[in-house]
Amino acid sequence: MLANLFLKDYPAALRRIVAQEPSKLIESEIKLPQITKYLDKRRENAALIEQEILVNQRKKLTETQIHIISSIRKYGYWQGKINNIFDHQEANNLISRCDSAYEFLEQNLSQYDYHQSNTVTLPPHYISRDYQNWIIYQAGLNEKLLQIAHQYIGLPVGYHGAEIRLSRANPDGLDITGPKTPHQDCEEGKKYPLLKAVLYLNNVTQRNGPFTIIKNSQIKPFVGFKGTLILSDTSQNLHHGMPLRDGKRMVLFWTYSSRRPRYPHRCVIWPHSNIAVRKMTKNMSLVQQQAARWREYLPFLLCPVRYYPFPGHNFFLGDRNIMI
Ligand SMILES: [Fe+2]
């Protein structure tokens with residue numbers, strides 16, 4: 001039984017302790033009016049200071065970037081193509097590295113029984129251990145994307161990394177578990193903006209799980225060909241991956257919050273160690289490195305979970321998707 005505990009149940013038990021219990025504890029602390037007030041005030045002050053920088057940066061934006069930002073502000077999303085942001089070669093390289101992860105994900109997915117899990121996430125070490133796969137992480141630090149995130153969020157941007165997920169339809173009825181349940185991402189709470197980029201790695205129709213937002217009681221599923229890129233505020237907008245009716249869906253997510261998220265203890269989904277992040281960004285620009293390495297500067301008391309260290313986990317820790 002002891003061996004079983006360590007080999008099988010131990011990660012789950014530890015996951016519960018490190019990810020959920022401190023979160024609950026700290027969350028109740030954060031609800032103390034004095035602390036809440038302090039955190040909000042600190043954020044508002046930081047946003048005021050940032051104003052001047054944002055105005056200057058805005059002058060350097062392209063027409064496309066301006067259009068994207070205003071679309072996210074107005075509708076809660078922007079939908080376009082990978083080529084609207086990335087140059088041709090970079091986009092091709094990224095897509096081909098993502099394609100090569102398909103076999104690996106497919107094998108992992110086939111290990112599960114239906115009803116147990118219909119979605120697998122690419123383990124972080126798949127990206128970090130092979131420099132050819134670094135592009136999956138690095139592409140999320142594309143400077144045009146960071147500029148958009150900066151303008152939209154209004155504070156220096158913290159990049160949360162890349163997640164590739166493969167989902168399949170459940171033959172015996174719709175699977176509405178995990179991220180397929182409508183939810184709001186909670187790192188910034190409902191109060192402050194958060195940006196998520198969603199890149200389709202296969203063609204996505206109404207039937208194979210389109211990324212969907214629900215705004216003003218309107219349901220907006222995003223259908224699109226492989227290479228479709230969607231930018232959306234997943235903290236302000238209720239969203240989910242629509243349960244698949246048939247087929248499979250492979251998607252890449254990049255997430256951006258402010259560098260001091262309102263609820264740092266909820267940022268437990270942190271695939272790479274600080275060392276891996278430094279390794280993957282060492283030849284990148286200062287702006288990109290700062291966006292990648294923000295977690296090194298989080299106050300430990302507010303975020304005791306620095307990263308989630310178990311290889312092969314599926315990232316879904318429950319408290320990420322609580323309704324707030
Ligand atoms: Fe989400």
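This is a predicted model: local features need pLDDT of at least 70, side-chain atom pairs count only at pLDDT 80 or more; totals for chains, interfaces and linings use all residues.

Q: Why is Met250 called buried?
A: A residue is buried if 20 or more other C-beta atoms lie within 10 Å of its own, exposed if 12 or fewer, and partly exposed in between. Met250 has 23 C-beta neighbours inside 10 Å, and therefore counts as buried. Met250 is found in strand S9 (residues 248-258), strands being DSSP runs of E with at least two residues and helices runs of H or I with at least four, numbered from the N terminus. The C-alpha atoms of Met250 and Cys98 are separated by 9.2 Å, although the two are 152 residues apart along the chain.

Q: Why is H3 called oblique to H8?
A: Axes are lines fitted to C-alpha atoms, for helices over the stretch in contact, and angles run from 0 to 180 degrees between N-to-C directions. Angles under 35 degrees count as roughly parallel, over 145 as roughly antiparallel, 65 to 115 as roughly perpendicular and the rest as oblique. Helix H3 (residues 63-75) and helix H8 (residues 143-153) pack at an angle of about 40°, with their axes 10 Å apart. H3 is therefore oblique to H8. The contact is made by Gln65, Ile68, Ile69 and Ile72 of H3 with Lys144, Gln147, Ile148, Gln151 and Tyr152 of H8.

Q: What makes H2 oblique to H8?
A: The axes of helix H2 (residues 33-58) and H8 cross at roughly 135° and come within 10 Å. That angle makes H2 oblique to H8. In this contact, Leu54, Gln57 and Arg58 of H2 meet Gln147, His150 and Gln151 of H8.

Q: Which residues touch the most other members of the largest nonpolar core?
A: A nonpolar core is a set of buried Ala, Val, Leu, Ile, Met, Phe, Trp, Tyr and Cys residues joined through C-beta atoms within 7 Å. The largest one has 55 residues, of which Ala149, Leu199 and Val251 touch the most other members. Leu199 touches Ile82, Leu229, Val251 and Leu252, not counting residues up to four places away in sequence.

Note on methods:
Residues are numbered from 1 along each chain as its sequence is written. Two residues are in contact if their C-beta atoms, placed from the backbone, lie within 7 Å.
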